[in-house]
Amino acid sequence: MEWFSQEPHSLLTGSFDQTAVVLDCRTQKKVLSMKLGATPESLAISPFDTTKVFVTTESGHLKQFDVRNAGKAMWSVKAHTSEAAGLAVNPGVNGLVATGGVDSEVKLWDVRADPVALASRNLQQGRVFSLHFSPDRPAYLLASGDAGKPLVYCVTQDVSSAFGVPSQGAHQAATSSSSP
């Protein structure tokens, strides 16, 4: 579940009936229902455009919806070979999304247009269940899986060419800072 930041009475939630819905918590009514074709695993709302929502599914898909478009997916891509359990939308880089799967892979995507896979990494986390970009340092992605040892992964080098970020300088600045 996730709240819409621009409409605090609206909630995005997924269900075992293979849908994701936007609920108006004032009236407890569905504003929008999105058919997914599989059970949702994770959901996220773009911090740059709250009309865009992302869903990962048990079938391994990453989907993007526009909440103004009657629940029809803008696109869908087979992101993982099995469940895509983890999902994170970068709070500092518009269009950068990470997915994690029970196939033990963490993938980075450029979703500014049709999705483009930028990198795929096995971070030795086992089956990946949870991902989260740092709100203060968006180059850092926290990944956690059934290996039981969360890992912080600097994504700068993997996304620098797609997003115009200088990989070496940004990585050095991020790793040499003394503040957390």
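A pocket, as the word is used in these legends, is an open set of grid points where a 1.4 Å probe fits, with protein on both sides within 12 Å along at least five of seven lines, and its volume is the space filled by probe spheres set on the points. The model shown is predicted.

**View A. The second largest pocket of the predicted model and its lining.** About 180 Å³ of space lies in this pocket, whose lining is made up of F4, E7, H9, S10, V22, D24, V31, L32, T50, T51 and V67. The elements that contribute two or more residues to this lining are β3 (19-24) and β4 (29-35). Sorted by class, the residues lining the second largest pocket comprise five nonpolar, four polar and two charged.

**View B. The largest pocket, with the residues nearest its centre.** The space in the largest pocket amounts to about 210 Å³, and among the 15 residues that line this pocket, E2, A44, I45, P47 and V89 lie nearest the centre. Two or more lining residues come from each of β1 (2-3), β5 (40-45) and β9 (86-89), and the largest share, four residues, is supplied by β5. The lining of the largest pocket consists, by class, of 10 nonpolar, four polar and one charged residues.

**View C. The loop that holds K149.** K149 is located in the loop between β14 (140-145) and β15 (151-154). When residues up to four places away in sequence are left out of the count, K149 is in contact with Q124 and Q125. From I45, a residue that lies 104 residues away along the chain, K149 is separated by 27 Å between C-alpha atoms.

Note on methods. Residues numbered from 1 in each chain as written. Predicted model: local features only at pLDDT ≥ 70, side-chain atom pairs only at ≥ 80, totals over all residues. Heavy atoms only, no water. 1 Å grid on protein atoms, 1.4 Å probe; cavity = no way out; pocket = protein on both sides within 12 Å on 5 of 7 lines; lining within 4 Å. Nonpolar A, V, L, I, M, F, W, Y, C, P; charged D, E, K, R; others polar. Contact = heavy atoms within 4.5 Å.
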